[in-house]
Amino acid sequence: MYAQAFFVAVFGLAAIGFGVVVFRTSSMVRSALALLFSQTAVGCMFLAMQTEFLGVLQIMMMATEMSIMAIFMVMFMMDPGGLGGMDMSHQKRFSIVAGVSAAVVAIAVALLSDWGPAAKQVVDAEAQTRALGMELLGRSMMIFETAGITILTAMIAATAVAIPVQNLASKRAKEASE
């Protein structure tokens, strides 16, 4: 029990630390990687809490999403490496007040709420995974399929837009003149 709490705390602190790095760096690519590490730490928290399905799902989703985001940033941003010295934070005072206020409220809710007794009987991991799979593949299947097709279409369209179109006739004329 103590080892589990230790790892949840370590991965939680890592998630917060990498979350801070997202806004402290001047590079969009480094921000994307820091966000990837932050969300991976959240996935590791799920793994430490013995929710393997959610942990692996979180890590796989974030790895794919952040990789695609970094590729798009390199393709379309004028300065993805951050060499131009940009500032990643806006409305600093309001952001600090909002962040501290939200943290105080979240801590107060966590400490002052009556969470009730722990579950007396919990079904095994296989039954939990089966029930979650049936839920996802039941009423939510069309939503996931539509989202997947939409993301795939956007990736193909963005790649098609990024690749320069070469006129075959002008290419042959260049080859003939050389």
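## A quick tour of a predicted model

Start with the largest pocket: 19 residues line it, and those nearest its centre are M61, F144, A147, G148 and I151. Keep in mind that this is a predicted model. Select those five residues and you'll be looking at the middle of the pocket. Now colour the helices that give two or more residues to the lining: α3 (52-76), α5 (125-137) and α6 (141-162). Which of them gives the largest share? That's α3, with nine residues.

How much space is in there? About 700 Å³.

Select F18, V21, L33 and F37, which make a nonpolar patch of about 320 Å². Two helices, α1 (2-24) and α2 (28-48), each give two or more residues to this patch.

Zoom in on L33, which sits in helix α2. Is L33 buried or partly exposed? With a relative accessible area of 39%, L33 counts as partly exposed, because that label covers values between 20% and 50%.

Last stop: select Q50, in the loop between α2 and α3. Check its backbone here: Q50 has a positive phi of about 65 degrees, even though it isn't a glycine. Why stop for that? Most residues other than glycine have a negative phi.

Conventions
Residues numbered from 1 in each chain as written. Predicted model: local features only at pLDDT ≥ 70, side-chain atom pairs only at ≥ 80, totals over all residues. Heavy atoms only, no water. Patch = residues over 30% accessible without salt bridge, like charges linked within 9 Å, V, L, I, M, F, W, Y side chains within 5 Å. Areas by Shrake-Rupley, 256 points an atom, 1.4 Å probe, with all protein chains shown as cover. Salt bridge = Lys/Arg side-chain N within 4 Å of Asp/Glu carboxyl O. Helix = DSSP H or I, 4+ residues; strand = E, 2+ residues; numbered from the N terminus. Buried < 20%, exposed > 50% of the residue type's maximum accessible area, 1.4 Å probe, protein only. 1 Å grid on protein atoms, 1.4 Å probe; cavity = no way out; pocket = protein on both sides within 12 Å on 5 of 7 lines; lining within 4 Å. Points joined across faces, edges and corners; volume = space filled by probe spheres on them.
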